Amino acid sequence: MAADTDRPVLLQATGLTKRFPGVVANEDVSLTLRQGEILALLGENGAGKSTLVKMIYGLYAPDEGEIQIKGETVRLSGPRDAIKRGIGMVHQHFQLVPVFTVAENVILGDEPIRWPFVNMRKARDEVARLSEEYGLKVDVDARVEDLPVGTQQRVEILKALYRKADILILDEPTAVLTPQETDELLRVMRGFADSGVAVIFITHKLREVLAVADTIEVLRGGKPVGTTVPAEAPQESLAQMMVGRGVLLEVA
């Protein structure tokens, strides 16, 4: 499905460049993300995908370039600043407290207070509501250490949604999932988009990109290669954009 250009732009990154000693991780990268859009950020390992979204999430400050969130040019001072502006990020390595329940993990750092106590009933009800609304089935009273990896990922997503994220960054989210869990996540991502949440989906897996993305942004060696849509980009074309040469996808 092509992105609807009539929808408002939630995020505009222009000319982002990030340098580290001896390496340019990103060079002059731009992207546009609209409300309810799934943007796949595609590239090989080391292409600069994670560095790019870490700038958008406030973990890194760009050396050059500009970030606009909902029309406002911003200089993010860190993830808390990004979260306040509606950006949530699910990292490859989960940031959960194993001995806490699902509800306790989701509200940690943003607890509803019924002075002088945390209002756990309200917290449980809100987490359960979000779980139902977005199709993220999870037992809010289960301890995280007892949950399979795919369900732990849902907890991380719920943390972002609980903080009212309308821009959700998923960094290689299928790397830890079974094929069945992957298909379920892609379905959930489409549900996010249908509800107006915009998604940046980082991956190097072509099948997943073609299955769920509205727009595809390809990086190679830290530089932008091109922007396309699934209907105009067969796997062979995307693979060539990723690596810079023809690729034989069939295995004898």
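1. Strand S11 is joined to strand S12 (residues 223–228) by 5 bridges, and the two run antiparallel. Strands here are DSSP runs of E with at least two residues, numbered from the N terminus, and two strands pair if DSSP finds at least two bridges between them. Glu217 has Thr227 in S12 as its bridge partner. S11 and S12 form a hairpin with 2 residues between them, and Gly221 in the turn has a positive phi of about 60°.

2. This is a predicted model, in which local features need pLDDT of at least 70, side-chain atom pairs count only at pLDDT 80 or more, and totals for chains, interfaces and linings use all residues. Residues are numbered from 1 along each chain as its sequence is written, and side-chain values use heavy atoms, with hydrogens and water left out.

3. S11 also takes part in a parallel pairing: 4 bridges join strand S3 (residues 38–42) to S11. Ala40 has Ile216 in S11 as its bridge partner. Of the 6 residues of S11 (residues 215–220), 5 are buried, so the strand is largely enclosed by the rest of the structure. Buried means under 20% relative accessible area (1.4 Å probe, protein chains only).

4. The largest nonpolar core has 49 residues, and Ile157, Met189, Phe192 and Leu238 have the most contacts inside it. Such a core is a set of buried Ala, Val, Leu, Ile, Met, Phe, Trp, Tyr and Cys residues joined through side-chain atoms within 4.5 Å. Apart from this core lies another, of 28 residues, among them Leu10 and Met89.

5. An open sheet of 4 strands has the order S2-S1-S4-S5, with antiparallel pairing. Strands S2 (23–34) and S5 (72–74) stand at the edges, each with a single partner strand, so one side of each is left without a neighbour in the sheet.

Methods
Buried < 20%, exposed > 50% of the residue type's maximum accessible area, 1.4 Å probe, protein only.
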